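Dear colleague,

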There are 2 protein chains.
Amino acid sequence: MKSIIIDVGGCDRPDRLIDGVVQAAKKHGDYAFVFVGDKAIVEPHIPSGLNNVSVEHAPTVITNDDSPTHALRQKSDSSLVTAFNILNGSEDAIGLFSGGSTGAVLTGATLLVGRIKGVHRPVLASLMPTSIPGKVVCIADSGANVDSKPEFMAQFALMASEYIKAGFGIEKPVVGLLSVGTEDKKGDERTKAAHALIKELPLEFAGNMEARDALTGVYDVIVCDGFSGNVLVKSTEGTAKMVMGKVKEALTSSLKAKLGALMMKKALKSLKASMDYHSYGGAPFLGVKKIVVKGHGSTNEVSAAASVDMIISLHENRVLETIEKSISGAAEPKADVVQ
Amino acid sequence: MKSIIIDVGGCDRPDRLIDGVVQAAKKHGDYAFVFVGDKAIVEPHIPSGLNNVSVEHAPTVITNDDSPTHALRQKSDSSLVTAFNILNGSEDAIGLFSGGSTGAVLTGATLLVGRIKGVHRPVLASLMPTSIPGKVVCIADSGANVDSKPEFMAQFALMASEYIKAGFGIEKPVVGLLSVGTEDKKGDERTKAAHALIKELPLEFAGNMEARDALTGVYDVIVCDGFSGNVLVKSTEGTAKMVMGKVKEALTSSLKAKLGALMMKKALKSLKASMDYHSYGGAPFLGVKKIVVKGHGSTNEVSAAASVDMIISLHENRVLETIEKSISGAAEPKADVVQ
């Protein structure tokens, strides 16, 4: 039986993460789920008779305040290190989900699980909602790699495309390169060099794009250095919060407005749902030898269950194999054209 | 009489830009306004008897499709080149406003007007609204300088702070450095080096900040390389547009919602106004020897008039002198502490 390892430590609400995974475990009876964390926290949430779930006790937690490399070495009894060890220990363990410290999860995945052959740097591929209902856009890299080199970014494009194919069934994901203008020559030195590399890859490359078009639904994948990708994801989050805050203010600004808002309750609820990033689950860290999904610190039931769905979908669609092929294919020298 | 030069070419709606400046000219009777552009377009908009306004004919326009450096050299009869020549030709000409090609305006300002002594690179300082009503935040640099060096960014911090002091009367503008986390050690190599330099400047430096907090109103100035600054400004714009689009959809999704929206008309109108970037005017390009303000391509009456107000406020508060002092002060070796 294939198994999925769940690190319970380091997230804001372990109870909600556990409950979400339990829901997923009921749905996916042909997979085993191994919770790793404090037994006293996990066990009360496991319904009796749920046979595909087990708990591995790990008493300590790696937090955001820990230095990732140091903590991974020192806290060998932490939930995260234990989870990685179980993941590495068995062929049947296909993936890991954690809502813990981003730095520790990514560093652990790279150091303990290891990179797929040929991968320069694994990429954190975050999803954002778009204007088109149900359609998401993948930001690669969203913050794992600052100071990326152009050749890293070319691989981000390949890996994220395979992810979108496997995870969303989109045959030819449209790839845009984040820049300061749409013209080929626009951008900093890194982006211009990345453009030249990505152009040569077997991808649906739409060229440079601007941050204002990130959410239009035109792009499936947006490739960027982790610094600007992080700015893109976080400014989208901050702006949506600010605008929704102002909308809420407007809705409650007078008695008349309040009455109006009451009449729109249903519409406003569906508006809120359409922008809830929890429904997409966490972000996969692509380019390591097993499927690793990093949940938001504020992971809830919905995003935990969605993250499990994502791991299973990526596994069943063999995303790691296609990434490996794609990377080694891109590395091969081009064959001469036979006349 | 001090004069302000208005380049009418290259914006989407010259008529609206002209009308906005005419309004400003009526308000600021002690300043002269020189419109530069096609007389046939400008003159019909000038009310007879408005004595502080004149028109200088320039038949051609530099567009976004032109290469800035090439166009500035070749199109000597363009409105932009003519406007820069008038600006340079007189001590009394204090500033220029243009809604034309960003590349051409910034390149023209640097090459034709010239940098203030000691300035590495002039900075495009764009404003964005925040959660706090009436409070704006300045993004420096918002796209003029990709591939900035840390020492450029330290000067961006100084120049933008002087701008916020002069333009908004904020005595000690709070400066944040855009990064991927708030800890000092977080960021790419450039940001870490910039952090070390800015820390030593006589500024209200709040350290690193994340893009999600850009609009909270905590910061007056956000310092960044022009690439990530451009991503920040444009993703804010794109996200606000996307969310407001979804709000509009919700408001019209059913008869009941439409009736509700009708009751909230006033509240929704003030919501829209609170997010209208036109009210802030254009973005000053700081670090050149005269005041140059770059308007949005879609400049309307409100933003044109606000841009004129900005030029006058920066002039009357001697922002160029304080920038020069601030830059030369920062370049001076620190005095030894006398025991």
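**How the two copies meet**

The copies meet through the same surface, because 100% of the interface residues of chain B are also interface residues in chain A. This is a predicted model, in which local features need pLDDT of at least 70 and side-chain atom pairs count only at pLDDT 80 or more, while totals for chains, interfaces and linings use all residues. Residues are numbered from 1 along each chain as its sequence is written, chains are lettered from A and ligands numbered from 1 in the order in which they are written, and side-chain values use heavy atoms, with hydrogens and water left out.

Chain B is superposed on chain A by a rotation of 180 degrees with 0.0 Å of shift along the axis, at an RMSD of 0.0 Å (least squares on the C-alpha atoms of residues with pLDDT of at least 70 in both copies). The two copies are thus related as by a two-fold rotation axis. Within chain B, the residue that comes closest to this axis is B:Gly260, its C-alpha lying at 1.9 Å.

**The interface**

In total, 49 residues of chain B are in contact (heavy atoms within 4.5 Å) with 49 residues of chain A. The buried area is about 4500 Å², with 70% of it given by carbon and sulfur atoms; buried area is the accessible area (1.4 Å probe) that two parts lose on being put together, summed over both. B:Arg212, B:Phe227 and B:Met263 supply 15% of the area that chain B buries against chain A, more than any other three residues.

There are 4 salt bridges between chain B and chain A, a salt bridge being a side-chain nitrogen of Lys or Arg within 4 Å of a carboxyl oxygen of Asp or Glu. B:Arg212 forms a salt bridge with A:Glu237, and their closest N and O atoms are 3.0 Å apart. The side of chain B that touches chain A receives its greatest contribution from α8(B), with 20 residues (helices are DSSP runs of H or I, at least four residues, and strands runs of E, at least two, numbered from the N terminus).

**Local backbone features**

A cis peptide bond joins A:Ala140 to A:Asp141, with omega near 15 degrees. A:Asp141 is found in the loop between β6 (136-140) and α6 (150-168) of chain A. In chain B, the bond between B:Ala140 and B:Asp141 is likewise cis, with omega about 15 degrees.

A:Asp147 also belongs to the loop between β6 and α6 of chain A, and its phi is positive, near 60 degrees, although the residue is not glycine. B:Arg318, another non-glycine residue, has a positive phi of about 50 degrees.

With kind regards
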